[in-house]
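Let's take a tour of this protein together, one spot at a time. Keep the picture handy and follow along.

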Amino acid sequence: MNAVSSTQSAVQSGSRWTIADAMKIRADDPTTTMPVIDYAFPVIDSDVWQWDTWLLRDIHGKTVTFKGWYVMFALVADRAATGDTTEGWHSRNNYSYIGYYYSRTGNGADWKFGGRVIKEGANSRSWEWSGCAVMRENSANTVDLFYTSVNDTPSESVPSYTTGRILADATGVWFEGFDVCTDMFQADGVNYANIVEDAYWDFRDPHIFRNPDDNQIYALFEGNVPGMRGNFTIGSDEMGPVPPATTVPAGAQYGAAAIGIARLTSDSTRGDFSKWEMLPALVTALGVNDQTERPHVVFQDGLTYLFTISHHSTFTGNSTGPDGVYGFVSRNGIFGPYAPLNGSGLVLGNPSAAPYETYSHFVDPAGYVQSFIDTLPQPGSADPQDPATYRIGGTLAPTVKIVLEGERTYLTEVHAYGQVYAQGVWPTSSAFDKRS
Ligand code: FRU
C-alpha cells in the first residue's frame, strides 16, 4: 500500500534496533543474566497475583518515600477471582487492576497490600494495565496515576490518567480521589499502528517524565510501526551490518515494535494531562521484534538510557533473545540517535535454565531493577516449561543492581525479594520549587 509506505518513511526518523544488533545477543552471559531464583521463593501476598510493578516517584524519575513510607503500585488480580492455579495466573490480564503496597523499610519482607487505587467504575473500560505514578510537582500530596485503559469488546487500549491524593500516618498509607479517568491519546495510524493496520497492535504503558534538556513533559509508551501488519519491506536499514550473504529471514516482517513518545501540550500545573502531540518513535525494531513494552528512561552522566522489556516469543525471523529488559543509549538527549546497549540491546535476560522465571524489569535511576516472578522450573526438571512442575510466581523477584557504563551494562549485585530503594523523600521543600 503506497499511502502506508510513504507514511512510514515520513515518520521513521528514529533509531533502529537491527537484525545485526540482535545477532549479538548472547544467552547466559553473567553480566547480562538474571540469577536463577530459589524454587522456595517467598510470596508478598498470596491473596493476589502481582506482576508489572512501579514505585512512587517524582517527575524526574527519582523513587520517593512518602512521609517515610515506600509505596509501590502493581497490576494485581484477586486469586479468588482467577482461581489460585496455573490457569488462573495465565488468565490474570482479564482481571487486572492497579493495587498498591506500602512498607516502612523497603524490604520485600514487610510489604503490606493496601488494595485498589482507582475507584471501582471510574475506568470506563474493562481492565487497568501498566503505567506509572508521579507526585505532582508543587503539591504536598497529589499523585497523578498514568495507566492503560483496556477493553475487550470493542478492542481498545488507551493510555489514560487519573488523579488523587496520598495520605499516611504511623500505621499505613491510603488514597483519596482517583475517581475520574481521562484518555491521554490513541494510536493514530500515522506515527503508530492502530487496530485497523494491525489486529495485534500494542499501544500502552505510559511513562511520564520531565526532559532535562528542554524541561518539557513527555510520555514514553509501547507502540508498533505504522503500516499494515506483515506488509513491511525489510531492507538494509533494518538488517544493519550483517555478515555477507545474509538474506532477509522469513517472517522477519512481522516484527514491528516501536518505542513511542508524545509531548504534553496541556497545562500540567493544573493537572491537565489530556493533550499531547504525537511524535515519531524513538526506536523501532522492524524486522527484529514485535513488542517493546513498558519503555522507561534513566538520565546518567549526560547520557540517556532507554529501557524496554521484551519477550523471547515476540522476536521474529531468525532473531532470538531471552525474556528480559533491553536498552539503548543516546549521547544526544531523548531524541537520540540511540545505540543498542552492550552491542546487542540485551541488558538483563532470564537464564536458559529458567527461561521464563522473571519479567517486567524496571530500572530505577540508581540502577536497581525490579521484576516479577513468572514461572520457575523445579530444580532438575527435564523440561523447564512443564506446567506440571514449574512454580507460578505472581510476586516480586529478587531486586538486582546493574551498573551503567557508557554503552555497557553490568549486573553487579543481587538484593532481597521485592527490595526497593528511594532516591528522594516527599514532601520536600524542593517539591515546591517551581524551577525544579
Ligand atoms: C508487560 C505487559 C504490559 C501490559 C501488562 C498487561 O508485562 O504486557 O505491556 O500493560 O503487562 O498485563
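## His311 and its neighbours

Find His311 and see who it meets: leaving aside residues up to four places away in sequence, it touches Asn289, Gln291, Glu293, Asp323 and Tyr359. Keep in mind that you're looking at a predicted model. As for its place in the chain, His311 belongs to the loop between β16 (303–310) and β17 (324–330).

Which side chains make polar contacts with the side chain of His311? One is Glu293, with a polar contact of 3.4 Å between the two side chains. Another is Asp323, whose side chain is joined to that of His311 by a polar contact of 3.0 Å. Both partners also turn up among the residues that His311 touches.

## Around the ligand

Glu293 gives us a handy link to the ligand, as it's one of the closest residues there, along with Trp51, Asn93, Arg204 and Asp205. In total, 13 residues surround the ligand. Sorted by class, that shell has five nonpolar, three polar and five charged residues.

Now zoom in on some atoms. In the side chain of Asn93, an N or O atom is 2.4 Å from an oxygen atom of the ligand. Trp51 has a polar side-chain atom 2.8 Å from a ligand oxygen, and for Asp52 the distance from a polar side-chain atom to an oxygen of the ligand is 2.9 Å. How much of the ligand's accessible area does the protein cover? On its own the ligand has 320 Å² of accessible area, and the protein covers 93% of that.

## The pocket

Where does the ligand sit? You'll find it in the largest pocket.

Next, have a look at the backbone. Thr153 and Pro154 are joined by a cis peptide bond, with omega at about -5 degrees. Pro154 itself is in the loop that runs between β8 (142–151) and β9 (156–169).

There's a cis peptide bond from Gly336 to Pro337 as well, and its omega is near 10 degrees. Look for Pro337 in the loop between β17 and β18 (338–340).

Last stop: Asp28. This residue isn't a glycine, yet its phi is positive, near 65 degrees. To spot Asp28, go to the loop between α2 (19–22) and β2.

Definitions and conventions:
Residues numbered from 1 in each chain as written. Predicted model: local features only at pLDDT ≥ 70, side-chain atom pairs only at ≥ 80, totals over all residues. Heavy atoms only, no water. Near = heavy atom within 4 Å. Polar contact = N/O pair within 3.5 Å; in protein donor to acceptor, adjacent residues only side chain to side chain. Areas by Shrake-Rupley, 256 points an atom, 1.4 Å probe, with all protein chains shown as cover. 1 Å grid on protein atoms, 1.4 Å probe; cavity = no way out; pocket = protein on both sides within 12 Å on 5 of 7 lines; lining within 4 Å. Sits in = over half its atoms within 2 Å of the grid points. Nonpolar A, V, L, I, M, F, W, Y, C, P; charged D, E, K, R; others polar. Helix = DSSP H or I, 4+ residues; strand = E, 2+ residues; numbered from the N terminus. Contact = heavy atoms within 4.5 Å.
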